[in-house]
Amino acid sequence: MVGDFSGLWSLLVLQGRFFWAIVTRLKEITLCFPFGFLPGKESGFRTWTLYIYMANLPENQRIVITGVGLAAPNAANLHDYRQKLLAGKSEITAIDLRYMGEAPAGVCTFDETKYRKKKENKRGTRAGCLSVYCAHEAILDAGIDFSEYGKDRTGVYVGLTEHGTVETENEVYNISKFDYNVDYWTHHHNPRTVLNNPAGEVTMSLGITGPHYAVGAACAAGNAALIQGVQMLRLDEVDLALCGGISECVGSFGIFASFKAQGALAEHEDPTKASRPFDRDRNGIVISEGGCMYTLERLDKAKERGAKIYGEIAGYAINSDARDFVLPFWERQAECMELALKRAGMQPREITIINTHATGTRQGDVEECKALRRVFADCPHTYINNTKSHIGHAMGAAGVLELAGNLPSFTDNMVHPTINLDNLDPDCALPNIVANQAKQLDNVEAILNNSFGMVGINSVVIVKKYKR
Amino acid sequence: MTRDDIKDLILDIIADIDEDAEFAGLDSDKPLRDQLDLDSMDFLDIVMELRKRHKLQIPEEEYPELATLNSCVNYLEPKLKDQ
C-alpha cells in the first residue's frame, strides 16, 4: 500500500520557504548596513521572526483587493478617476449652503438609479445612495455573482465620519416651516439616521444576509472599515468583505460652519484651487462627499476563481493620540505608521508611494510632515502625494477613495501629483513630494495610506503589489 | 374639493413618493398596496402629506380608510369639502 506523503511534502515545502525567507532577509540586512540602515527600537529577534512570518503567511490569511466601486467629486469609476488624478485637474465647485452661502465643495455626479429606483433613493439617505452605487460597482468590477460566495457569508462594513447630521438638519428645517410642530417630523428619521443606515441599505439592495455595520472613526473611517474587513476575513467570520467609506457631508451646513468657526474651512475665489495641502497659502479644508467600496477576499479563494487582484493588504494600524479633540499629533502618527510597517514586515524604504492625509490646514499638514520625516528619514525612492488636493476631503470616504486613486500605480507605475502646490511651505518641504505633474517610476511596490481623524484617531493601511 | 380633485390629490402624493408609479389600469376599488409598489412607510408618507398640504390629522385607527382609491375619496370628501 502506498503511503500518503502529502503531509510530509507540505512540511518540506514550508520548511524550504521558511529557510528561503531567512536567507532573503539576511541578504537584505547585509545590503542595508553599509548604506547606514540600522534597525531601531523594533529590532531584535521578535521583529525578524515577524518579518519571516509575514513573508510566509498562508494564502487563507493573505487578503487581497479584487474589486473597486467609487463615486468621487471628479469621477464615477476607477478608470476615469485615475485619468483625472494623473491629469491633475480639480473639479471642486462652489455650492450654496443653507444659512451660510457659498463654499467650495466636492460633489459627486453618478448614475443614481443604475442599481435602484428613485423611490428607494428618496426613502433612503444620500449616504445610502452612494453606498449602494459603490457596492454594486465593486461587486461588478470583481466579477462576483454570488455563486462563489454565500450572501450569508458576506460582510458589509462601511466607514463613516458621522451620520445623521444631514437628515437631522433637513428635518429641523422642515418643521421650522410648521412652527416647530413635531407632528410634522418624519417617520423616516430613525431608519435614516441609525449609524448602520448606509451599510444596511447595501444589504437590502444586494440581498446580503451576513453582518453589516458602520465603523465610526472620524476621517480615519475608510481605512478603519478596510481593516475591519481584513480582520473579519482572517477570523473566518465572513468569506467576502464588502468594505469602504462613505460621506454625504456636503448636505450639512453644520459641518461647514463648524470648520469655519474653527478657522479651518478653505476659501478661494477659484474653488478648484481651494484645496492646497503643503502650500504656503493654504487656508483650510475643502469638504466633499464621496464613496468607495472594495471587495476583499482571501488569496486562496481569489486565485481559485481567477479574480483580478489590485493589490494585497500587507499591513495596517490604528492608534489614538489621547490628548486633544481636534489637534493632530505627529508622534502618534509616526508610531501608527511604524506599527503598520512592522505588521507588514516591511522597512520604510520598501514603500514606494505615501498617500498623505494632509487636508490643507496649517497645523495638520505640518504635523504629518514631522511624522513622515521621522519614519521615512532615509528613503530616497519613496514618493509622496496628496489626493485631497484634487477631490477635497471626503471625510469617511477619504482614506479608501484616496487609496483607490493610487492603486492603478501598481500597473501604470505612475504617481499622481499633489496639485495646487505653488509655493511649498518650508515646514512641509519633504523630499520627493510629487508636485503638480504626475511622475513616472520604474516600479511601484507598495503604497502607504494615511488617514487621521478628530478626537485623536490615526490609521495607516499598507497595500503591496500582488506577487504570486 | 370634488371627488375627482381628491382622487387627483392622492395620485399626486403617490407620484411624489414614487415617480415611476404606473396609474394606468388602476382599479379604484382594489387596495392600492396590491397594485402599486407601496408599503406601510409609504402610507405614513401619504398621511404626512395630507397633514402638510391640508392640515388633516388622521388618527391611526382610521388609516385603513386609505386602503383603496375610492375609500380614500369617501373618507376624505367630508373632511375636504370646504377646501
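This is a predicted model: local features need pLDDT of at least 70, side-chain atom pairs count only at pLDDT 80 or more; totals for chains, interfaces and linings use all residues.
**Exercise 1.** How many bridges join E4(A) to E6(A), and do these strands run parallel or antiparallel? Then place both strands in their sheet.

*Solution.* Begin with the pair itself: E4(A) and E6(A) run parallel, and seven bridges join them. Within this pair, Gly159(A) is found opposite Gly245(A), which belongs to E6(A). Next, widen the view to the open sheet of chain A, in which 10 strands follow the order E5-E4-E6-E8-E1-E9-E15-E14-E10-E11 with mixed pairing. Finally, look at the edges, where strand E5 (212-216) and strand E11 (383-385) of chain A each have a single partner strand, so that one side of each has no neighbour in the sheet. From one strand to the next, the twist averages 25°.

**Exercise 2.** Determine which strands of chain A helix H5 lies across, and which strands helix H15 touches.

*Solution.* Take helix H5 (residues 126-142) of chain A first: this helix lies across E1, E4, E6 and E8 of chain A, and runs at about 130° to E1(A). Helix H15 (residues 398-406) of chain A also packs on the sheet, where it touches E1, E6, E8, E10, E14 and E15 of chain A, while its direction makes about 160° with that of E14(A).

**Exercise 3.** Describe how H12(A) and H13(A) cross, and list the residues that meet there.

*Solution.* The axes of helix H12 (residues 330-344) and helix H13 (residues 362-375) of chain A come within 8 Å and cross at roughly 45°. Because angles from 65 to 115 degrees count as roughly perpendicular and those under 35 as roughly parallel, H12(A) is oblique to H13(A). The crossing is right-handed. On the H12(A) side stand Trp330(A), Gln333(A), Ala334(A), Met337(A) and Glu338(A), and these meet Glu367(A), Glu368(A), Lys370(A), Ala371(A), Arg374(A) and Val375(A) of H13(A). Sorted by class, this contact has five nonpolar, one polar and five charged residues.

**Exercise 4.** Work out how the two domains of chain A meet, and how chain A touches chain B.

*Solution.* Chain A is divided into domain 1 (60-302) and domain 2 (314-464), whose centres, taken over C-alpha atoms, are separated by 21 Å. In chain A, 57 residues of domain 1 are in contact with 56 residues of domain 2. On the domain 1 side of this contact, H9(A) gives the most, with seven residues, and the classes on that side are 32 nonpolar, 17 polar and eight charged residues. Turning to the other chain, eight residues of chain A are in contact with 10 residues of chain B, and the chain A side divides into one nonpolar, two polar and five charged residues.

How values were computed:
Residues are numbered from 1 along each chain as its sequence is written. Chains are lettered from A and ligands numbered from 1 in the order in which they are written. Domain bounds come from an automatic or database domain assignment. Two residues are in contact if their C-beta atoms, placed from the backbone, lie within 7 Å. Helices (H or I, at least four residues) and strands (E, at least two) are DSSP runs, numbered from the N terminus. Ala, Val, Leu, Ile, Met, Phe, Trp, Tyr, Cys and Pro count as nonpolar, Asp, Glu, Lys and Arg as charged, and the others, Gly among them, as polar. Two strands pair if DSSP finds at least two bridges between them. Axes are lines fitted to C-alpha atoms, for helices over the stretch in contact, and angles run from 0 to 180 degrees between N-to-C directions. Angles under 35 degrees count as roughly parallel, over 145 as roughly antiparallel, 65 to 115 as roughly perpendicular and the rest as oblique. A crossing is left-handed if the near helix is turned anticlockwise from the far one by less than a right angle, and right-handed if clockwise.
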